[in-house]
Every structure is written in C-alpha cells, then in structure tokens.
Amino acid sequence: MTNLEVLTLSLQSSVRRPKHTVVIGGSIAGLLAAKVLTKYFERVTVIERDNFTQQAEHRHGVPQSPHVHTLLKRGLQSLEELFPGIEAQLADSGASAIDWGNDLPWLGFAGWAPRFNSGLVTHTCSRNLLEQTIRRRLAAEDNLAFMQEGQVVSLLSSSDRTSVTGVRVRFRNQPETDLAADLVVDASGRNSSAPQWLEAMSYTPPQETVINSFLGYASCWYEPPKNLQYDWQCLYVTVQPPNNNRGGVIYKVEGNRWILTLIGVGKDYPPTDKDGFLEFARSLRSPAIYEAIKDAKPLSSIYGYRRTENRLRHYEKLKRLPEGFVLVGDAVCAFNPVYGQGMTVAALDALALDECLNQQLSNHPDGNLIGLSRYFQKQLNKVIAVPWLMTTGEDLRWHTTEGGQPDFISRLMQRYLDRVLLLQTENAEIHKTFLEVIHMLKPPTAFFHPSISTKVLKQAINWQRKNEQFTDEQDVPKKLSVITQS
C-alpha cells in the first residue's frame, strides 16, 4: 500500500458517517427529515404504511389530504433550501402564484382587509401534489430506499436499554422483520406509538398538553363556473371570536380546480351532505363564498375532518431519552390544522435536524451520536414554541375550548391583537405585517413596532371616549360597532 493510499484511508476514517438511519413515516415531515439524513448517513430507509402511487392522489395514511393545505412563505423558503428549484417545479405542475396581499380577499375580525401588491408570493396546490413532488425529488437520492406497506411495531434496543438500535417492522402478508439502525427518526404523526415504545423500554413517557377548541371542517372540490367573473386565487372568510364560529376558504389548485373548506368551532361542525354543506356556506357572515360555489360543479364527495386538537408531547422535558432516537413533526407537536402551520413547521423541523447533525458530527467525526437525542428535542422545542403559542392563543379565545385558559398576559395580548386587527382593515402596512407574522417571516413582536403601537394607542383613546356610553363589558357587538366607526 502506498503512502497516498494510507493517507486516503486515514482521512476517510476520520470523517466516518454513521451507516444507517430509519425514518418511520413517509409523509411530508418524514420525507423532509429523510432528505437531511441523506447528507449524513450512508443509507436512509423510509418505512411507510401506505403504498405510494404514481399519481398525486389521496392515500389512506393522510386523512386530511382532501382539504385545503397552505404552505406558508417560510415553509416554501425552507423547501427551496432542501430541494432547490422546487417552487418552479410546482409552478410547472400547475400550482398558481398568489400574492397574499392582492390575490386573497380576506374578511378578518373587523372587515375586509385592503388589497395591494404585497410581494409576499407563494404557489397554491393540493397537498397531494406537494407530497408527490417532494417524494419524487427524494427518490433521486442514491442512498435512500422506501419500504412500503410496513408498520413499525416496536423499537429495538441495546441490552442495557440506553440506546435504540433499530425497529421491528410488520409488512403485509410477511413475518415481522428486525431492521438495525444507528438512528431512528419517528415521523409517524399524531398516531405515534413512541410513548408506548418508550414505556416498554422502562422510560417515562412524555407529558402532553392538549388544547382543543372542537373545531371541525368539511371540504368539497369544484370546477369553477365558466361564466363566473372573479379576481382572486383564494377567498377567506375567517371566524370571529367569541361569537361567530363559522368560516370558510376557497383555494385554487392545479388543474383549474377549487377546494372549498368550511370551518366550524365549538362542535358546530359543517355537514357532509350537499344541501347542508351549501346551507352552511350560505350562513357565513359574507355571501362571497356561497355566491362563488352555488352554481359550481362538484368534483368530489364532501369530506369531513374533526381531529383538530393541538397536542404537544414534551420530549424536551424528559430527564432520560434513549440514544439513537429522535422525533419530528406531528409525532411531537400537532397543531390545529386550520391555521396552516403544520407543513411549514415540518420543514423547520428538518432544518433544525440538519443543524444538530452537522454540529454533532463536526464535534464527533467518528460518527458518535451520543447526546444527539436530548439535544435535538430541546432545539426542536424552540422551533415549535412560537407557532404553538400563536395557534393555542387563538383557540383559547373560545369559551368551548378545553385544556387550558388564557392567563392575564394572554388576555392582554388578545385585546391588543384585536385592536391591531381592527386597524388591519384600513391600513395596508399593518395588514402586510399581519401576513408576514402569519407566514413566519416575522415574530409576533412585530405587532409592537412603534409604527403599529402608536396607532393602537390612538385608537384605544378614541375607543375609550366613545365606549363610555356602554356599561356592559360583555356587549361585544356594540363595542365592535363603536370601534369600527372610530
């Protein structure tokens, strides 16, 4: 062996990559995590219960896929980091560009938001198309394999149970199989069995926080009427806490189709029969959605969905967590889907995993992963914190919500935000800031910028003067009327 060959072998051994990782779940969170893992592992295996098809179509493991899905701007930026050129690829597949300031009439808390060219542009498409596009890009990776129609039934562990060493998988019509891995990533979603698996290894399962506003929604796909004149890509009528608990959104997707999702809070669930569905649309506080779809041709059945509770499993608080095991996506934190944060947070989860693995293997070039599990879950909690507070803060506005009550600070924040939303109807810059916060481009603290807070203060002074005529603090409609006129 020459000196050069010896040096080459030495260099290779000094930057050894871990050999194999398993991802449980082939939905968006699992696919994005798998993309990151291909950078650091010799082999990546994605285990999925469903059988993937060649078409962008609904599959059993994603019961939400027939409904409106929104990829926020921050999520789109993250996807571009992971899969350069994917936005153009979605556009080529028929996804429509949407300027969220101009192409989306938004009936918010106190009225219609102004329309203007905001420069905040994304592409609207079905979840099925987005997932299929990601999966096809990922399939091009030489060191990645999909194992379909397989269900992970348990974790494998070292003899002292300090490390996860793989998974046991049950494939359809086949005996159970053990699959060894240096790292197991649980991306199996809301139904994750990780708490039970950890308990079977003598670990304490995580505590859970559940905030449930009992929101449900129903969706139908339409062909737009040929004679209908409209100037929007999306149309949104929001709910209006604490009294008006019905809303809806029409979303244009590939194939010149609309998805209409109707929303009801506090168990006021939209019906899934045609007449009831249309009547629910008619009952919204604006006729705009009903007028758009009353003569449209339905292209699908009406799909209902009610599993919308916010659920946070506190893995970051566990004193003990086995090495070689991390969790991402809804397996850790599942949001009320109506706020459209899930896919974007899944992308941010993947970027956090990328950063943690890069740091781990930079500090341990021998491929040692000890310490990664707990460190990653703590870092992931930082990613989750703001969207969790935003989502649960909104759900806690409803008196029917279970799982918690807003504290004094939260109530003050809600009142302040109400005033911001009132100003949103008359000020394009405030509406743009609102959109940027929704899209996770700015933190909620942006609402306290002097350019906004001074307007809120002025509005509050005017409101106080006019509100002196009312003595009943619960008379929200009268107050809203006064504030809107001020």
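## Aromatic rings

Rings of Phe, Tyr and Trp (its six-membered ring) count as a pair if their centres lie within 6.5 Å. In this predicted model, W106, Y236 and F434 form one aromatic cluster. The total comes to 8 aromatic pairs.

Take F52 and F146: their ring centres sit 5.6 Å apart with the planes at 80°, so this pair is edge-to-face. F52 belongs to the loop between strand 2 (43-48) and helix 3 (73-82), while F146 is in strand 6 (residues 144-148), so the pair ties together parts that are 94 residues apart in sequence. F52 counts as buried at 11% relative accessibility, whereas F146, at 24%, counts as partly exposed. Then there's Y217 with Y305, a tilted pair at 5.6 Å centre to centre and 35° between the planes. Y217 comes from strand 12 (residues 216-223) and Y305 from strand 17 (residues 303-305), so here the parts tied together are 88 residues apart in sequence. Both Y217 and Y305 are buried.

## Charges over rings

Two rings to look at here are F214 and Y203. K267 lies over the face of F214, 4.7 Å from the ring centre. Over the face of Y203 you'll find R320, at 4.1 Å from the ring centre.

## Cavities

There are 2 cavities of 30 Å³ or more. The largest holds about 40 Å³ of space, and its lining includes H69, R127, Y251 and M343. By class, that lining splits into 5 nonpolar, 3 polar and 1 charged.

The second largest cavity has a volume of about 30 Å³. It's lined by L71, L76, L90, T122, H123 and C125, which makes 4 nonpolar, 2 polar and no charged residues.

How values were computed
Residues are numbered from 1 along each chain as its sequence is written. This is a predicted model: local features need pLDDT of at least 70, side-chain atom pairs count only at pLDDT 80 or more; totals for chains, interfaces and linings use all residues. Side-chain values use heavy atoms; hydrogens and water are left out. On a 1 Å grid over the protein atoms alone, a cavity is a set of points where a 1.4 Å probe fits but cannot get out, and a pocket is an open set with protein on both sides within 12 Å along at least five of seven lines; lining residues have an atom within 4 Å of a point. Grid points are joined across faces, edges and corners, and a volume is the space filled by probe spheres set on the points. Ala, Val, Leu, Ile, Met, Phe, Trp, Tyr, Cys and Pro count as nonpolar, Asp, Glu, Lys and Arg as charged, and the others, Gly among them, as polar. Rings of Phe, Tyr and Trp (its six-membered ring) pair if their centres lie within 6.5 Å; planes under 30 degrees apart count as stacked, over 60 as edge-to-face and the rest as tilted. Helices (H or I, at least four residues) and strands (E, at least two) are DSSP runs, numbered from the N terminus. Buried means under 20% relative accessible area, exposed over 50%, partly exposed in between (1.4 Å probe, protein chains only). A charge sits over a ring if NZ of Lys or CZ of Arg is within 6 Å of the ring centre and within 35 degrees of the ring normal.
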